[in-house]
Amino acid sequence: MCGVLGIWGRSEVAADLIFGLTTLQHRGQDAAGAITFDGSFHVKIGRGLVSRVFEDRHQERLRGTWGLGHVRYATMGSTDVEDAQPVHVNYPYGLAMVHNGNVVNFAEVRENLYTEHHRLVDTSNDVALILYTFAAALEQRDLRALTFDDLFSCVDATRRAIHGAYAVICLIAGRGLLAFSDPHGIRPMVLGVRQTPKGPEYAIASETTCLDYLGFRVEGDIGAGEAVFIDATGTVHRHQGPREKPAFCVFEYIYFAREDSVLQGRVVAAERERMGRALADVVRRAGLRPDVVIDVPASGFLFASSMAQALGIPFRRGLAKNHHIGRSFILPTDEERRRMVGLKLNPIRGVLEGRRVAVVDDSIVRGTTSRRLVELLRGAGAREVYVISAAPPVVSPCVYGIDMSTTAEIIAANRTVDDVCRMIGADAVVYQELSALRSLYGEISCCDACFSGEYPTHVDREALDDIRREKEDAGR
Ligand code: SF4
């Protein structure tokens with residue numbers, strides 16, 4: 001999971017890029033980067049949080065009115081800065097690119113770029129593959145007379161070569177800003193506009209939260225197979241390329257996106273409350289009568305509070321959170337995640353002592369957080385602990401850019417709910433039902449492959465093995 005931002009402005013964009021990236025920080029904390037264009041490219045990339053990577057002097061150095069920004073969570077490739085984004089090339093045009101997602105046929109595309117186009121991709125960063133594939137398509141055109149149709153047909157050629165999930169923003173030196181999504185529209189991307197005394201400016205970002213903060217009015221999603229090009233005059237061109245059945249990542253609603261974002265026209269906070277109410281039905285049917293419902297802050301809050309309300313059971317704050325520590329899901333190793341839970345969350349004894357406690361989390365992926373939480377809650381006097389997951393059991397790896405890409409990492413893969421309950425030491429485990437989730441998102445047509453194993457794109461055993469190997473090679 002990553003966050004992307006592109007700004008087509010009429011004044012210097014560095015400050016907006018950097019501050020805009022901080023609103024996407026929840027999408028990745030491994031690295032951050034930005035590139036601007038004022039006749040030349042200016043780049044700053046570093047490891048860690050946006051606030052750590054960018055200092056005041058970088059704002060002055062990143063000159064130009066067009067720019068791209070990226071926050072990275074390494075799902076493929078290493079956490080090293082060499083694999084951070086944006087990436088850029090100078091031939092056949094100056095091209096800079098950021099993306100969110102994952103290329104499923106990485107090995108095939110890399111081989112093809114080498115044998116057909118003599119381009120050696122010496123990084124495990126898949127945005128380089130998309131960039132070089134797009135550049136190779138552009139190279140076939142008459143660059144002096146490049147039309148919008150040419151540009152969009154190069155995007156379609158890139159789509160034919162690259163399989164997987166991608167939300168891409170590309171800065172074409174002197175020409176404009178281009179954004180395109182994969183044919184299923186798996187990862188989110190939205191377009192916004194703001195009026196200025198010099199004329200309209202445009203921004204493209206992973207989430208509307210970023211556009212809200214920067215003062216851009218949301219124009220809409222860049223959906224399955226769509227491309228948008230903002231040319232050098234500020235004219236917006238749209239193109240509908242090859243489109244498959246939409247498969248928007250349902251996990252965005254469950255966990256990834258910020259609750260104030262609007263995805264596919266739906267406010268994330270309201271979606272989480274709906275899921276909480278659906279959870280209440282499952283808890284009721286399981287015959288559980290908790291004395292108190294608590295959330296795993298902060299991502300469990302909306303599920304827990306709406307579930308408690310639907311059940312008529314008190315909702316209390318039972319875990320105090322240290323707000324100065326990052327999200328535990330997006331830390332690279334299991335041991336780091338386990339240690340982080342205790343550092344981040346501490347039980348509030350008076351709420352828990354002698355009670356049957358239902359603790360609601362967004363999901364149970366590896367089980368590390370849940371196991372540690374059960375220990376903490378029992379240690380604080382809880383009589384019984386029920387772990388409630390707002391997501392159905394995660395049973396299959398995500399191959400589209402989320403870090404649960406090997407079956408061995410997933411606690412519910414090839415195990416029953418009772419197995420999971422035993423492994424995390426809880427008195428009961430309750431999951432959201434996949435059928436309930438599907439009925440909530442039937443109209444949007446979402447990807448739910450990590451819960452169902454039904455991938456929207458072709459994924460074979462070889463692709464899964466490639467991803468596993470890449471991850472091992474990267475030492476993660
Ligand atoms: S497999 Fe799961 S996490 Fe991955 S894109 Fe599909 S719904 Fe999202």
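This is a predicted model: local features need pLDDT of at least 70, side-chain atom pairs count only at pLDDT 80 or more; totals for chains, interfaces and linings use all residues.
Numbering starts from 1 along each chain as its sequence is written.

H5 covers residues 126–139 and H6 residues 148–161; their axes form an angle of about 130 degrees and are 9 Å apart (lines fitted to C-alpha atoms over the stretch in contact, with angles from 0 to 180 degrees between N-to-C directions). The crossing of H5 over H6 is right-handed (the near helix turned clockwise from the far one by less than a right angle).

## Residues at the helix contact

From H5, Ile 130, Thr 133, Phe 134, Ala 137 and Leu 138 meet Cys 154, Ala 157, Thr 158 and Ala 161 of H6 (C-beta atoms, placed from the backbone, within 7 Å). This contact comprises seven nonpolar, two polar and no charged residues (Ala, Val, Leu, Ile, Met, Phe, Trp, Tyr, Cys and Pro are nonpolar; Asp, Glu, Lys and Arg charged; the others, including Gly, polar).

## Ligand surroundings

Around the ligand stand Ile 186, Cys 249, Val 250, Phe 251, Cys 398, Tyr 400, Ile 402, Cys 447, Asp 448, Ala 449 and Cys 450 (backbone-placed C-beta within 6 Å). This shell contains ten nonpolar residues, one charged residue and no polar residues.

## Overall chain

The chain contains 17 helices and 23 strands (DSSP runs of H or I, at least four residues, and of E, at least two, numbered from the N terminus). Its C-alpha trace spans about 75 × 50 × 40 Å along the principal axes.

Notes. Two residues are in contact if their C-beta atoms, placed from the backbone, lie within 7 Å.
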